[in-house]
Every structure is written in structure tokens, then in C-alpha cells.
Amino acid sequence: MKKTMVLKVNSQKPDRNKIRLVAGFIRNGGLVAFPTETVYGLGADALNGAAVLRLFEAKKRPLDNPPIVHVSDAETAYRLVREVPKIAEKLMAEFWPGPLTLIFERSKIVPDVTVAGLDTVAVRMPRHNVALTLIRESGCPISAPSANLAGKPSPTTAQHVLEDLDGRIDAVLDAGPTNIGVESTVLDLTVSPPQVLRPGGTSYEALRKVLGKVELNPIVVADRTLPLERTRSPGVKHKHYAPDAEMFLVEGEVEAVVSKVGELVRFYRKKGRRVGVLATDETIDRYQADVVKSLGSRSDLASIARHLFGLLREFNADEVDVIVAEGVPAEELGLAVMNRLRKAAGYKIVKAANMENQFRNLKKRELASFSMLF
Ligand code: TXA
Ligand code: MG
């Protein structure tokens with residue numbers, strides 16, 4: 001057990017002395033949690049294999065799931081990869097710094113443990129002054145998975161980080177809640193057309209505008225666990241985002257969802273279980289459960305994304321036995337939200353009657369191996 005140092009910093013103009021102090025920890029092989037625009041990350045020197053190994057241990061993360069390497073400039077990204085496809089230059093110009101992680105073939109300078117033995121490396125340049133200053137001051141690329149214990153919801157505040165990792169890491173930089181609230185989009189550039197492996201803060205719609213042709217890996221919209229060989233993102237086979245309670249996700253058109261959620265609440269309360277509902281502003285008054293929380297307005301998917309992980313953690317403190325969550329439209333940031341909700345529910349998905357297809361905006365040809373999904 002070590003003492004975890006908590007340092008408050010301004011998110012726009014972070015105190016350089018505090019950042020220098022923890023950059024020293026990173027250079028010496030230590031572990032520092034820091035905010036990005038998506039979620040808090042847990043950083044280690046990406047070129048120091050022993051440090052990255054400690055990162056896996058602190059998170060209790062399986063060794064076969066590599067973290068993302070964070071850079072503060074495109075030049076460093078170039079050093080980490082074998083070659084930079086034309087399309088990558090375009091994407092970097094358009095979306096970096098920002099919530100887009102790109103998968104490349106890796107170069108020789110990247111240690112095996114940093115990429116879990118894969119031939120590829122995930123790279124992103126975050127859009128957060130604290131993260132960028134920390135990377136610059138450290139003088140090395142920083143491997144940073146989300147700063148939570150493996151399997152738990154990703155942290156959007158420094159308090160969430162401490163809930164999971166206090167005493168297991170050297171320091172956390174606290175710059176308040178993160179803005180986007182779901183992780184970056186992971187885009188595989190080693191296949192043609194490029195494929196989204198994890199939906200996130202950069203929307204599929206925005207990528208399509210720039211790329212023209214881009215596919216969604218089946219795992220993105222899976223509504224049940226897929227056989228491993230159908231997936232390419234190493235993270236997908238592990239438990240993710242899980243609250244302590246058993247969780248169900250109800251999908252469909254709003255009215256049908258409200259009545260199905262109500263039905264489930266009554267069923268479990270009759271059995272003597274303590275039930276929480278994850279609702280939206282438009283529907284929150286329609287439930288009688290032990291705890292009801294709103295993610296935000298259905299017309300503001302960005303706000304729903306921002307609140308998602310924090311509310312999943314709150315339910316742990318409320319000690320509910322069962323959570324029933326409403327689905328939201330799988331468009332723009334809603335695609336990432338639905339992907340996280342489905343995983344958090346362990347794919348226990350209830351389709352409400354009169355369901356309109358929430359994935360209606362995704363045309364068949366845009367999905368790789370789409371037919372197996374529905
Ligand atoms: O927003 C984010 O991406 C946050 C912040 C801290 O930057 N980081 C994050 O890291 O979410 P992590 O480690 O929790 O998720 C990394 C994802 C996992 O799904 C992992 O499987 C995938 O990226 N990944 C990493 N390297 C990969 C590779 N070489 N090929 C395919 N997927 C990879
Ligand atoms: Mg994670």
C-alpha cells in the first residue's frame with residue numbers, strides 16, 4: 001500500500017510545478033492518474049515495460065488487453081508506428097487533439113508489454129491541457145487505460161479514481177469532472193476500409209463525413225456476447241463497466257420502454273429486491289422504484305454520455321439489488337452510450353414491444369458481418 005498523492009489543478013491552466021512533480025514520477029516508472037476530455041486515465045511511461053506492467057497490476061487488468069498510448073504531438077505518434085497511411089494524416093488533422101484513438105502497425109521502439117504482444121499499437125492525442133502538459137513534461141509517450149479497477153465503470157472524476165485505486169498508485173491530478181464522459185472512439189487503420197472497434201467520443205457520423213467509407217465492427221452493436229474470433233479489439237472479451245447490482249437494459253420506442261421498465265420494477269420489488277431505475281428527464285416522473293436517476297434529456301445525448309458512468313457508480317452507494325436502465329437512440333454519442341449500457345448490463349437486454357429499431361440509422365452495408373447481429 002502506498003500513499004496516493006492528490007493534487008488539485010486548474011483544467012485550463014494547470015500549475016506547472018505540480019505537473020512537473022508528477023511527471024517526475026512517470027519518468028521514474030511510477031503511476032499517475034490524470035484527466036482527459038473523455039475519462040480519467042492511469043498513466044505510465046509507455047516505453048518502460050516494467051512501468052506498464054505495474055499499470056496492469058494496479059488496475060488488476062488482464063495482460064492481454066493493451067492500453068492506449070497517449071502523445072502530445074503527431075511526431076511522437078509517427079515514431080511509434082511502422083508507417084502512417086494517408087488516411088491517418090487526414091484523421092489526425094481533423095480530430096486530434098481529441099477523442100479518437102487510431103490503431104497502427106507498431107514500430108520497434110514499442111515494448112511488447114505496452115501492446116500486450118500485438119503487432120499493432122493504439123495511439124491518441126487527448127484534448128485536455130492537463131493531459132497534454134503532463135505528457136510534454138514527462139518527455140515520453142504515456143500508456144493510459146481508464147483509471148478504474150478492471151471491470152468497473154470508467155472514472156469521470158478524481159473521486160472515482162480514488163474509490164478504485166487509492167493506495168495502489170502514486171498520484172492523481174484532480175481537475176474536476178471530465179467533459180465527454182465516455183472513452184475515445186477506437187478506429188482500426190490496419191484494415192480497409194477503416195473499422196470502428198469501440199464507439200466513443202468521436203461519432204461514427206463525424207468519421208463517415210471525413211472518411212466516406214468506414215465500418216462498424218460487429219462488436220460495436222452486438223446485443224449479445226460475440227464469439228471471440230469475430231472481434232479484433234482485445235478488450236471485448238472481458239467484463240466491463242459493471243455496477244454491483246444486477247442490471248437490465250430495456251430497448252425500444254420510449255412509451256414501450258417506460259411500460260416495460262415499470263413492469264420489471266414491479267416484478268423485482270414484489271420479490272423484495274431494492275430496485276433502481278436509470279431514466280431520462282422526459283420519463284423520470286413515471287417510475288415508482290426505490291431509487292430513480294436521470295441521465296439527462298433524450299434530446300441531449302452529450303449530456304447523457306457525460307453522466308452515465310458517474311450514475312452507474314452512484315447506484316453502488318445506493319445499494320440497490322437490481323438496476324433497470326432505459327435505452328437511448330444509438331446515434332451520435334448515443335451509439336457509445338448504448339454500447340456501454342449493453343456491456344454494463346452483461347447483455348441482459350429486454351426488447352420492449354412496438355420496438356422501433358434503435359439502430360435504424362445504420363445502413364446494412366456499413367456494418368461488417370451485419371447479418372449475424374439481428
Ligand atoms: O478515452 C480513452 O480512450 C481513455 C482515456 C484515458 O484516454 N482510455 C481508455 O483506455 O479507455 P482503455 O485501456 O480503458 O481502453 C483501450 C481500448 C480497449 O478496448 C483496448 O482493447 C483497445 O483500446 N486497444 C488498445 N490497443 C489495441 C490494439 N493494438 N488493437 C485493438 N484494440 C486496442
Ligand atoms: Mg477501460
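**View 1. The shell around ligand 1 is made up of 13 nonpolar, 9 polar and 4 charged residues.** For this tally, Ala, Val, Leu, Ile, Met, Phe, Trp, Tyr, Cys and Pro go down as nonpolar, Asp, Glu, Lys and Arg as charged, and the others, Gly among them, as polar. Everything here comes from a predicted model, where local features need pLDDT of at least 70 and side-chain atom pairs count only at pLDDT 80 or more, while totals for chains, interfaces and linings use all residues. Residues are numbered from 1 along each chain as its sequence is written, chains are lettered from A and ligands numbered from 1 in the order in which they are written, and side-chain values use heavy atoms, with hydrogens and water left out.

**View 2. Thr38, Arg61, Asn65, His70 and Ser184 come nearest of the 26 residues around ligand 1.** Being near takes a heavy atom within 4 Å. Strand E6 (120-124) and strand E10 (195-198) each bring at least two residues to the shell, and E6 gives the most, with 4 residues. Strands (E, at least two residues) and helices (H or I, at least four) are DSSP runs, numbered from the N terminus.

**View 3. Polar contacts to oxygen atoms of ligand 1 (N or O pairs within 3.5 Å).** Thr38 puts a polar side-chain atom 2.7 Å from a ligand 1 oxygen. For Arg61, a side-chain N or O atom sits 2.8 Å from an oxygen of ligand 1, and for Arg124 that distance is 3.0 Å. The protein covers 96% of the 680 Å² of accessible area that ligand 1 has on its own, going by the Shrake-Rupley method with a 1.4 Å probe.

**View 4. Asp170 and Lys2 join their side chains in a salt bridge, 3.4 Å from N to O.** Asp170 is in the loop between helix H6 (158-165) and strand E8 (171-174) and Lys2 in the segment before strand E1 (5-8), so this pair ties together parts 168 residues apart in sequence. A search of the whole structure turns up 21 salt bridges, each with a side-chain nitrogen of Lys or Arg within 4 Å of a carboxyl oxygen of Asp or Glu.

View 5. Most residues other than glycine have a negative phi, and most peptide bonds are trans. Trp96 to Pro97 is a cis peptide bond, with omega near -5 degrees; Pro97 lies in the loop between helix H4 (86-95) and strand E5 (100-105). Ser192 and Pro193 are also joined in cis, omega about -5 degrees, with Pro193 in the loop between strand E9 (185-188) and E10. Glu332, a residue other than glycine, has a positive phi near 45 degrees, in the loop between strand E15 (322-326) and helix H11 (333-344).

Notes. A polar contact is a pair of N or O atoms within 3.5 Å; within protein, one must be able to donate a hydrogen and the other to accept it, and residues adjacent in sequence count only if both atoms are side-chain atoms.
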